[in-house]
Amino acid sequence: MKLLVTSLMLLTLTTFGTYAKQIEGLSIEQGALSHSSHYVFQVVSVSNKSARSFKSVKIECAFFGEGKLVASGVGYIDNLDAGELGSVEIAASSTAISDSTKCRLVENQ
């Protein structure tokens, strides 16, 4: 059972590390990481340096505590026009304290 859990965690870490696909013209910045008794929060900003507008941009974040995956969350920035900066606070349910995150962009439309 421990091997299965370890394998799944490695697969998740590998997926977040290698799938950090770049969407042309968009860049992501991670801001404040905080937590409450039952949630972890990550502020994320996305800058659109392209000439096109995005109806919706999906951001996925993995939350880690002492190098172990403790939670994951998703956020959306809608109507991100060319030259604009959008931001979102991504929340995930977790009683474990997160000390780092990895976030990636997933274009919706």
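Predicted model: local features only at pLDDT ≥ 70, side-chain atom pairs only at ≥ 80, totals over all residues.
1. **The nonpolar core.** The largest nonpolar core contains 18 residues, and those with the most contacts inside it are Leu26 and Ile59. Five strands each supply at least two residues of this core: E2 (39–48), E3 (54–65), E4 (68–80), E5 (85–93) and E6 (100–107). The largest share comes from E3, with five residues. As general background, nonpolar side chains tend to be buried together in soluble globular proteins.

2. **The surroundings of Leu26.** When residues up to four places away in sequence are not counted, Leu26 touches Val46, Ser47, Asn48, Phe54, Val57, Leu80 and Leu105.

3. **The pairing of E3 and E4.** Strands E3 and E4 pair in the antiparallel sense, over 11 bridges. Within this arrangement, Phe64 stands opposite Leu69, a residue of E4. The hairpin formed by E3 and E4 has two residues between the strands, and Glu66 takes a positive phi near 50° there.

4. **Val43 in strand E2.** Val43 has its place in strand E2. Is this residue buried, exposed or partly exposed? Val43 has a relative accessible area of 28%, so it counts as partly exposed, because the buried class requires a value under 20% and the exposed class a value over 50%. Leaving aside neighbours within four places in sequence, Val43 is in contact with Glu29, Gln30, Gly31, Ala32, Val88 and Glu89. Of these contacts, Gln30 deserves a remark: Val43 and Gln30 are 13 residues apart in sequence, while their C-alpha atoms are 6.1 Å apart in space.

5. **The disulfide.** The model has one disulfide. Cys61 and Cys103 form it, with their sulfur atoms 2.0 Å apart. This pair links distant parts of the chain, since Cys61 lies in strand E3 and Cys103 in strand E6, 42 residues apart. In general terms, a disulfide is a covalent bond between the sulfur atoms of two cysteines.

6. **Handedness and burial of the disulfide.** Which hand does the disulfide of Cys61 and Cys103 have? The torsion about its S-S bond is about 110°, and the disulfide is therefore right-handed. Cys61 is buried, with a relative accessible area of 0%. Cys103 is buried as well, with a relative accessible area of 12%.

Methods
Residues numbered from 1 in each chain as written. Heavy atoms only, no water. Core = buried A, V, L, I, M, F, W, Y, C linked by side-chain atoms within 4.5 Å. Buried < 20%, exposed > 50% of the residue type's maximum accessible area, 1.4 Å probe, protein only. Helix = DSSP H or I, 4+ residues; strand = E, 2+ residues; numbered from the N terminus. Contact = heavy atoms within 4.5 Å. Pairing = 2+ DSSP bridges. Disulfide = S-S within 2.5 Å.
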